[in-house]
Amino acid sequence: MRIDKMLANSGFGSRKEVKKMLKSGAVKVDGAVIKDAKFHVDPDSQQVTVQGMEVEYREFIYLMMNKPPGILSATEDDRQETVVDILEDEDRAFEPFPVGRLDKDTEGLLLLTNDGQLSHKLLSPKKHVPKKYFAVIEGEVTEEDGKAFQRGVTLDDGYHTKPGHLTILSSGPISEIELTITEGKFHQVKRMFEAVGKKVTYLKRLTMADLVLDETLELGEYRELTEEELESLVNYEKKAEL
Ligand code: URA
């Protein structure tokens, strides 16, 4: 990989800052000063030092964000701000992407990583990874809706959903619920409620597999996963049907 990318990923600043550092002669690879930002280095077999200090390289980044409303779950967009745009430079240097999408107006748990293998595993339809949402619903949510979700409902495009598990927190003209689903069809939660004649007015993701939104994160804030959280995702296996 390029030396400037490796150093940026290792917390030595943006690519621009790293370039300056290289120019200054502070960086050595296997003892030789390297000034060329395009120089290719193998972090596993070569020793890289900055001002004599060895650089410990890490390849992957795993971030938990409390996604704010009004921001796209994408890496880049010509017109609108994305979840990657709101990361610090040193984290963006790892080129993370969101694992799955939340709608622009949806809040809550979003995992960002550059680990394609983990992302693939969590998104694979075969893995049935559960995701739990909190939602505010216009209309009275009933036990009948819960039974319908358990059987699966037919969406506007004819797709019949897999079972979802509904918990009614409060019911009235405005209801509050939690819904766990194991799929990630476009607007799935909103369309499931449409299928039973109701409207989602607020949606927040709470969990994904065993990962639980850290409620101390303000909207738009994020942090790295703890070792335990990462391990739980890497080792995640489907437990039981909903
Ligand atoms: N279901 C939705 O309708 N929207 C989301 O953002 C996530 C799940």
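The model is predicted, so to speak of local features we need pLDDT of at least 70, and side-chain atom pairs count only at pLDDT 80 or more, while totals for chains, interfaces and linings use all residues. Residues are numbered from 1 along each chain as its sequence is written, and side-chain values use heavy atoms, with hydrogens and water left out.

Let's start with the rings. A search of the whole structure finds three aromatic pairs; rings of Phe, Tyr and Trp (its six-membered ring) pair if their centres lie within 6.5 Å, and planes under 30 degrees apart count as stacked, over 60 as edge-to-face and the rest as tilted. One of them joins phenylalanine 134 and tyrosine 202 edge-to-face, at 6.0 Å centre to centre with 65° between the planes. This pair links distant parts of the chain, 68 residues apart: phenylalanine 134 belongs to strand β8 (residues 131-138) and tyrosine 202 to strand β11 (residues 199-208). Helices (H or I, at least four residues) and strands (E, at least two) are DSSP runs, numbered from the N terminus. Phenylalanine 134 counts as buried because its relative accessibility is 18%, whereas tyrosine 202, at 26%, counts as partly exposed; buried means under 20% relative accessible area, exposed over 50%, and partly exposed in between (1.4 Å probe, protein chains only).

Another edge-to-face pair is formed by phenylalanine 149 and phenylalanine 193, with 5.0 Å centre to centre and 80° between the planes. Here helix α5 (residues 143-151) holds phenylalanine 149, and helix α6 (residues 188-195) holds phenylalanine 193. Phenylalanine 149 is buried at 0% relative accessibility, and phenylalanine 193 is buried at 0% too.

Now for the sheet. Four strands form an open sheet in the order β2-β1-β3-β4, with antiparallel pairing; two strands pair if DSSP finds at least two bridges between them. β2 (32-33) and β4 (53-54) stand at the edges with a single partner strand each, so one side of each is left without a neighbour in the sheet. Two bridges join strand β3 (residues 48-50) to β4, and valine 50 has methionine 53 in β4 as its bridge partner.

Finally, have a look at the lining of the largest pocket, where α6, the helix of phenylalanine 193, gives the largest share, three residues. This lining divides into 13 nonpolar, nine polar and nine charged residues (Ala, Val, Leu, Ile, Met, Phe, Trp, Tyr, Cys and Pro count as nonpolar, Asp, Glu, Lys and Arg as charged, and the others, Gly among them, as polar).
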